[in-house]
Amino acid sequence: GESVGLHLPTLSVQEGDNSIINCAYSNSASDYFIWYKQESGKGPQFIIDIRSNMDKRQGQRVTVLLNKTVKHLSLQIAATQPGDSAVYFCAEFTGANSKLTFGKGITLSVRP
Amino acid sequence: GAVVSQHPSRVICKSGTSVKIECRSLDFQATTMFWYRQFPKQSLMLMATSNEGSKATYEQGVEKDKFLINHASLTLSTLTVTSAHPEDSSFYICSARDRYGVQNIQYFGAGTRLSVL
């Protein structure tokens, strides 16, 4: 069936470096993608989103890239800080069923 | 911003008891709320979609008699885990969609950690 998955389970980066978190999706009908951050024991926190008719969107220190040709989504975090340490999920939304489908999640660990 | 309050944040109960979890949209109306379940180091899995004034829609494999959902108002949905057993121990998270907002955005609660002894 359709699924959203992540390439790597963990990512360790040095404080101050840039982080790139990747996600593969398989539902070509998805029309909206979201990155969430989840800290331990808390609910997901919205980071940034992108519509399927866009290929790039920038926020504060974060950029999301969408490549529909290869069904790939990435989250770039500039100047990674200790507070960025968390689990990151990509999620896709399909208007047809109005549901969010979450990927497996990747843990970002920032080394001081 | 839109805030979703979930209560309690943590509950420990004995096997066989029922536990009710509340999900409230504090500053917006939500005709649709969602209940997710998350096991340690795993992703969020949608359990059911809660619709105000009507029956919830359950995902495949989720027992509706086990996980009772009530969405009696535009700001409150409740999930009751009936006759809880240790295998029901998990992190339960709700989300809500703003009735008048962008329909593909969900606002999440902080989650409820359920531990069944």
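Colleague: Tyr92(B), is that buried or exposed?

Modeller: Tyr92(B) is buried, because its relative accessible area is 0%. Bear in mind that this is a predicted model.

Colleague: And Phe67(B), buried or exposed?

Modeller: Phe67(B) has 6% relative accessibility, so Phe67(B) is buried as well. The cut-off for buried is under 20%.

Colleague: How are the rings of Phe67(B) and Tyr92(B) arranged, and why is the pair called tilted?

Modeller: The ring centres of Phe67(B) and Tyr92(B) are 6.3 Å apart and the planes are at 45°, so the pair is tilted. Planes under 30 degrees apart would count as stacked and over 60 as edge-to-face.

Colleague: Which strands hold Phe89(A) and Phe102(A)?

Modeller: Phe89(A) belongs to strand β9 (residues 86-94) of chain A, and Phe102(A) to strand β10 (residues 99-102) of chain A. The two are 13 residues apart, and the pair links distant parts of the chain.

Colleague: Are they buried or exposed?

Modeller: Both Phe89(A) and Phe102(A) are buried. They also belong to one aromatic cluster with Tyr36(A), Phe46(A), Tyr36(B) and Phe108(B).

Colleague: Change of topic. Which strand of chain A pairs with β2(A), and in what sense?

Modeller: Strand β11 (residues 106-111) of chain A pairs with β2(A) in the parallel sense, over five bridges. In that pairing, Gln14(A) stands opposite Arg111(A).

Colleague: Which residues of strand β2 are on the covered face?

Modeller: Leu11(A) and Val13(A) are on the covered face. The uncovered face has Thr10(A), Ser12(A) and Gln14(A).

Colleague: What about β8(A)? Which residue there is the bridge partner of Cys23(A)?

Modeller: That is Leu73(A). Strand β3 (residues 19-25) of chain A and strand β8 (residues 72-77) of chain A pair in the antiparallel sense over six bridges.

Colleague: And what stands opposite Leu66(A)?

Modeller: Leu73(A) in β8(A) stands opposite Leu66(A). Strand β7 (residues 62-67) of chain A pairs with β8(A) in the antiparallel sense, over six bridges.

Colleague: How many residues are between the strands in that hairpin?

Modeller: There are four residues between β7(A) and β8(A), and in this hairpin Lys71(A) takes a positive phi near 55°.

Definitions and conventions:
Residues numbered from 1 in each chain as written. Chains lettered and ligands numbered in written order. Predicted model: local features only at pLDDT ≥ 70, side-chain atom pairs only at ≥ 80, totals over all residues. Heavy atoms only, no water. Buried < 20%, exposed > 50% of the residue type's maximum accessible area, 1.4 Å probe, protein only. Pairing = 2+ DSSP bridges. Phe/Tyr/Trp six-rings, centres within 6.5 Å; stacked < 30°, edge-to-face > 60°.
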